[in-house]
Amino acid sequence: MSEGTGPSERAPFRYTAELAGEIEARWQDRWEDEGTFDAPNPAGSLADPAKVAGRPKLFVLDMFPYPSGAGLHVGHPLGFIANDCYARYQRMTGHNVLHAMGFDAFGLPAEQYAVQTGQHPRTTTEANIVRYRAQLRRLGLGHDPRRSVATTDEGYYRWTQWIFLKIFNSWYDETAGVAGKARPISELVAQYERGERRTPGHRPWVEMTEQDRRELIDSHRLVYLSEAPVNWCPGLGTVLANEEVTAEGRSERGNFPVFKATLKQWMMRITAYAERLLADLDDLDWPEPVKLMQRNWIGRSEGALIDFPVTTVKGEDDAISVFTTRPDTMFGATYMVLAPEHPLVDELTTEAQAEAVAAYRRTAEAKSDVERQVELREKTGVVTGSYAVNPATGESIPVYVADYVLMGYGTGAIMAVPGQDERDWEFAEQYGLPIVRTVRPPADFDGKAYIGEGPAINSANDEISLDGLGVADAKKAIIAWLEGKGLGTGTVTYKLRDWLFSRQRYWGE
């Protein structure tokens, strides 16, 4: 070889990107022709039963990607490759592995693209799926190409409708076994007919009107219609999920303004399963931090549901129901706060405050839940002009509307105890409201609201005194007193909310 001969002239061949592509494509063609990743079916005709006899089965399902026109992005292979490594290892250690892929093909982007271009969403969606399949194949992932589905396939969608009807015609029976389960709605009707289950007001089933019966049964269904506060986007003509709204209160797609509105929506009663969801986490082979996240998401809280009597602007008696984990602090409740969406706002707003309240509610509608919950922002609110009665003190306390209270959490109303809550303290300072401590802070405490443990103070009336009790004992005592007076009840609540799932206009659920 002469001096100066280059590397390309010395090497018998060069492994170029083009050559790598040819080799990979050749192997991918062979895998497809030979059905390398096909999961043999022992009970059918897809494979020789002898090939799968005694092999343990394993089903691996990737999270369905949404087939956008842009194709796969780096986040897709991030998860798919990890699953593929796991599936291949199991296949090589003797398992009969079904590694499947599907496409979450309904969505607002396809709908908006259809509006803009005049093309039917199915046309663009199916073209996008073809592109995704080709890209997944080029990655060499071991999916069984015969076992794939798109949520827009008519055969698939038919079964989602079937599932919907099954859930709609079911109720959660908390008495069925230790954890409870779903049972046919017909069994609930039969229980009412036989008098085994009490109706509201203990009215006999035969004396109830057909409408009353239907409303009672619907209140138990696992799928139900409800008026719910939602993210309404007039520019897109649809309701958006929280993750589709920016912190500035605009839609991620199109940058249109988003407003809070109360609309009739389908809801899934997943809150009925809260205790089962918590209990079943113990049996899951998941990392403990992931299970902790799930427990926090479910958010079980023990406390009390308390009624604060009010008189509406029409002169009718009513009550603001609040859930609190600290009923022992209710002697320090010096004002009430309603979420702007709370139905009692209209009933309690006086004529003098009507304009101010309406303007405040319009402003709140333009904010996202995330924006409303930012801890460091200045607290704002407006008084309704009405007063509630603190059951513990007998004092009249003003009722405010403020956007730091969300309708989707608790009852959408709070008893504000500024001495024991930092947000309430800030609000009380802002509007010159009284602050009463109900828990004695340590001698060296020099802050504002005290949220720690300590003996109760300033917590007594003619019938009960909590003074000197620790938090746990004070809670028990005040709950017993409330229940005895018919003013409240000890209860358990959850941060988990029922699932609102009717978002799309046409190309969707």
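Guide: We begin with the second largest pocket: 30 residues line it, and Phe-323, Thr-325, Ile-414, Asp-421 and Arg-423 lie nearest its centre. Strand E10 (317-324), strand E14 (413-416), helix H15 (422-431) and strand E15 (488-494) are the elements that each give two or more residues to this lining. The model is predicted: local features need pLDDT of at least 70, side-chain atom pairs count only at pLDDT 80 or more, and totals for chains, interfaces and linings use all residues. Residues are numbered from 1 along each chain as its sequence is written, and side-chain values use heavy atoms, with hydrogens and water left out.

Visitor: What counts as a pocket, and as a helix or strand?

Guide: On a 1 Å grid over the protein atoms alone, a pocket is an open set of points with protein on both sides within 12 Å along at least five of seven lines; lining residues have an atom within 4 Å of a point. Helices (H or I, at least four residues) and strands (E, at least two) are DSSP runs, numbered from the N terminus.

Visitor: How many nonpolar, polar and charged residues are in the lining of the second largest pocket?

Guide: Eleven are nonpolar, eleven polar and eight charged. Asp, Glu, Lys and Arg count as charged; Ala, Val, Leu, Ile, Met, Phe, Trp, Tyr, Cys and Pro as nonpolar; the others, Gly among them, as polar.

Visitor: How do I read a sheet?

Guide: Look for paired strands (at least two DSSP bridges between them). Five bridges join E1 to strand E2 (residues 96-103). Val-60 stands opposite His-99 in E2.

Visitor: And the other sheet?

Guide: This open sheet has four strands, ordered E7-E6-E8-E16, and the pairing is antiparallel. Strand E7 (238-240) and strand E16 (499-500) are at the edges with a single partner strand each, so one side of each has no neighbour in the sheet. Strand E8 (residues 259-268) pairs with E16 over two bridges. Met-267 has Leu-500 in E16 as its bridge partner.

Visitor: How are aromatic pairs described?

Guide: By the distance of the ring centres and the angle of the planes. Rings of Phe, Tyr and Trp (its six-membered ring) pair if their centres lie within 6.5 Å; planes under 30 degrees apart are stacked, over 60 edge-to-face, the rest tilted. The whole structure has 17 aromatic pairs. For Tyr-404 and Phe-427, the centres are 5.7 Å apart and the planes at 50 degrees, so this pair is tilted.

Methods. On a 1 Å grid over the protein atoms alone, a cavity is a set of points where a 1.4 Å probe fits but cannot get out, and a pocket is an open set with protein on both sides within 12 Å along at least five of seven lines; lining residues have an atom within 4 Å of a point.
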